[in-house]
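Dear colleague,

I am handing over the structure we spoke of, and my notes on it follow below. Please read them with the model open beside you.

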Amino acid sequence: MLVKEVMDCEPIAFDLDTPLEFAVQAMIKGASSCIIVTQNEAPCGIITERDITQVFASMVSHPESTRQQALPKYSVRDVMTTNPVCIQSELTFSEALSLSRSRRLRHLPVVDCSGKLIGIVSQTNLLDAYVQVMDEQSRLEDSIEELKLLSLEDPLMKIGNRRAMEVDLNHTEAEAIRHG
């Protein structure tokens with residue numbers, strides 16, 4: 001499974017000079033936990049819920065200094081975490097999951113070969129893909145068991161075939177050896 005199969009193709013993205021107020025409103029409206037900050041359509045930063053919380057915490061803890069600087073005066077440039085870790089859409093799901101776990105990242109912007117933003121993979125996308133993989137693995141294991149049973153039965157007569165006889169003979173021989 002590739003990243004392009006699990007990514008969100010329409011991430012919320014703004015350029016560097018967008019007022020923070022617009023970005024927060026877009027996060028709320030889109031029920032998104034992050035915003036990608038772009039410059040010339042390439043990711044240059046990321047704003048997460050944690051970044052927004054830190055801005056508000058700063059405003060609350062220093063009310064007199066931030067009274068003049070209300071939220072609309074901030075731009076996304078002032079709040080973003082720079083140089084986000086980006087991945088290519090052709091990366092495998094497993095590689096993206098490993099990268100996310102090893103670096104403790106909840107959001108991975110996806111870029112094309114020219115470095116332009118084309119999507120985002122969140123922890124939720126990775127978890128959903130992992131559940132799909134586990135469901136498929138379970139289904140395949142069930143199919144393998146069914147095929148094993150079918151391989152021991154003659155399809156026309158619905159009785160054991162030569163392979164089933166060999167399994168039964170091996171079992172009988174082992175039991176005879178065990179009991180002398």
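A pocket, as the word is used here, is an open set of grid points where a 1.4 Å probe fits, with protein on both sides within 12 Å along at least five of seven lines. The model is predicted, and the values below are computed from it.

In that sense of the word, the second largest pocket holds about 240 Å³ of space. Its lining is made up of 16 residues, and Asp8, Ser32, Ser33, His107 and Ser122 are the ones nearest its centre. Strand 7 and helix 7 (123–150) are the elements that give two or more residues to this lining, and helix 7 gives the most, with three residues. Sorted by class, the lining of the second largest pocket has eight polar, five nonpolar and three charged residues.

The largest pocket has about 370 Å³ of space, and of the 15 residues that line it, Thr48, Arg104, Leu105, Arg106 and His107 are the closest to its centre. Two or more lining residues come from each of strand 3, helix 3, strand 4 (81–82) and strand 6, with helix 3 giving the most, three residues. The classes in the lining of the largest pocket are five nonpolar, five polar and five charged residues.

Strand 6 (residues 107–111) and strand 7 run antiparallel and are joined by five bridges, and Val110 stands opposite Gly119 in strand 7.

Finally, a search of the whole structure finds zero disulfides. The sulfur of Cys34 is too far for a bond, because the closest cysteine sulfur, in Cys86, is 11 Å away, and Cys34 is buried, with a relative accessible area of 5%. Cys113, by contrast, is exposed, with a relative accessible area of 80%, and its sulfur is 14 Å from the closest cysteine sulfur, in Cys86, again too far for a bond.

With best regards

Key
Residues are numbered from 1 along each chain as its sequence is written. This is a predicted model: local features need pLDDT of at least 70, side-chain atom pairs count only at pLDDT 80 or more; totals for chains, interfaces and linings use all residues. Side-chain values use heavy atoms; hydrogens and water are left out. A disulfide is a pair of cysteine sulfur atoms within 2.5 Å. Buried means under 20% relative accessible area, exposed over 50%, partly exposed in between (1.4 Å probe, protein chains only). Two strands pair if DSSP finds at least two bridges between them. Helices (H or I, at least four residues) and strands (E, at least two) are DSSP runs, numbered from the N terminus. On a 1 Å grid over the protein atoms alone, a cavity is a set of points where a 1.4 Å probe fits but cannot get out, and a pocket is an open set with protein on both sides within 12 Å along at least five of seven lines; lining residues have an atom within 4 Å of a point. Grid points are joined across faces, edges and corners, and a volume is the space filled by probe spheres set on the points. Ala, Val, Leu, Ile, Met, Phe, Trp, Tyr, Cys and Pro count as nonpolar, Asp, Glu, Lys and Arg as charged, and the others, Gly among them, as polar.
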